[in-house]
Amino acid sequence: MILSKRILEMQESPVRKLVPIATRVKKNGKKVFHLNIGQPDIETPKQFMEAINNYDTRVIKYSFSQGEPALINSIRDYFARDGIIFDEDEVLITNGGSEALTFTTIAICNPGDEILVPEPFYTNYNGFTGEVNVNIKPITTLAKDGFHLPSKEDIVKLITPRTKAILFSNPGNPTGTILRLDEMEMIAEIAKENDLFIISDEVYRGFAFDGLKGISMGSIKGIEDRTVIIESVSKRYSACGARIGSIQSKNKELMKNILKLCQARLCVATLEQIGAAELYKLDDNYTAMIKDEYQDRRDIVYSTLQDIPGVVCEKPSGAFYVVAKLPVDNAEKFIIWMLEEFDVDGQTIMLSPAEGFYATPGLGIDEVRIAYVLNTKDMEKSMYILKKGLEKYNS
Ligand SMILES: Cc1ncc(COP(=O)(O)O)c(C=O)c1O
């Protein structure tokens, strides 16, 4: 029996593929600090579980396909606090930002169509597009430019009759880059002039350091009908396992059609929606607390990286990731060596090879993505282990 070409060609997650090695070394007694996956250690706000505990029902019923009204309204209020107004039918609840991205791709693209994505990009974009035979056309961005976008001409050159959308995460995973307003306006212009959708993945919005403000694409005027915003409680509210995300767009025709996909999968888990509705009510104090914590972690990571000879990286201004070029020939080999061969007092670290975040072959081979998702003490320890590991590896 032969499996589909589509599934066989699908990339294995570079973030998860080394996990069996980590599991083996942990079984043998080594402690591994996981900087390879975007799983924050911050406690999920207690309001989430309180709302679920107080939800009085004898039967856990199917929710509405479009989502629980309480959650939809809570998300609408969250956007309204930034002056972005969505009607009730302009928000659809999904199983995480992941399903939001899959549904949006299906609704916008035919098989063989193309989506422009600045690279390096969140590696699962390959999955969301590949599973429906849509091709990613990378817009290469470089560490030396802080992973900011190239010129308008360079981007427009990549557009073909099959290009349907520009997709990006802002703040960026894996780069931690926050788009400047002029870059967002350039994207808007390109989209208008070439009749493209804009898929703005804002699951890290709020993680913006050094006084920067994460601006939503929803505040850019004149592109409301082509803008789709991807949201999620996973990162901002440290609720990855809740699997609650959403799609926002003022393009009612698009939303009416995505609702068909929502209906086909019936609904999103009812209880988690009840909990998530409370998360979106948290005020700016919560966001400020989270941002300060991650900024401290970012500072630890960045200052250690600056101290290691041969490491090249830009200071990230958002999300909780940094891409660093290491003085090694092959980052994946180094990551495996750190797991299998190296430790400091029985402890080591696990990073992600950055190659899988690029679509252009050959890029990122000597780069890693570091997710600073552990508390400051563990981050300090982890970065010390990285420094010692590199010294030994290169000696
Ligand atoms: C940029 C980006 N978008 C979307 C997601 C999907 O998140 P979830 O499905 O947990 O909402 C992630 C998860 O890491 C991400 O980094």
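User: Which residue stands opposite Met-350 in β10?
Analyst: In this predicted model, His-34 is the residue opposite Met-350.

User: And how do β1 and β10 run, and how many bridges join them?
Analyst: The two strands run parallel, with 4 bridges between β1 (residues 31–34) and β10.

User: Which way do the β10 side chains point, and are they buried or exposed?
Analyst: Thr-348 and Met-350 point one way, Gln-347 and Ile-349 the other, and all are buried.

User: Switching to aromatics. How many pairs?
Analyst: The count is 20 aromatic pairs.

User: Why is the pair Phe-79 and Phe-86 edge-to-face?
Analyst: Because the ring planes of Phe-79 and Phe-86 stand at 90°, and planes over 60 degrees apart count as edge-to-face. The ring centres are 5.2 Å apart.

User: Buried or exposed, those two?
Analyst: Phe-79 is buried, with 0% relative accessibility. Phe-86 is buried too, at 4%.

User: What about Phe-334 and Trp-337?
Analyst: That pair is stacked, at 6.2 Å centre to centre with 20° between the planes. Both residues are buried.

User: Where do Phe-334 and Trp-337 lie?
Analyst: In helix α12 (residues 331–340), 3 residues apart, which is about one turn of the helix.

User: Last one: where does Arg-297 lie?
Analyst: Over the face of Tyr-294, 4.9 Å from the ring centre.

Note on methods. Residues are numbered from 1 along each chain as its sequence is written. This is a predicted model: local features need pLDDT of at least 70, side-chain atom pairs count only at pLDDT 80 or more; totals for chains, interfaces and linings use all residues. Side-chain values use heavy atoms; hydrogens and water are left out. Buried means under 20% relative accessible area, exposed over 50%, partly exposed in between (1.4 Å probe, protein chains only). Two strands pair if DSSP finds at least two bridges between them. Rings of Phe, Tyr and Trp (its six-membered ring) pair if their centres lie within 6.5 Å; planes under 30 degrees apart count as stacked, over 60 as edge-to-face and the rest as tilted. A charge sits over a ring if NZ of Lys or CZ of Arg is within 6 Å of the ring centre and within 35 degrees of the ring normal.
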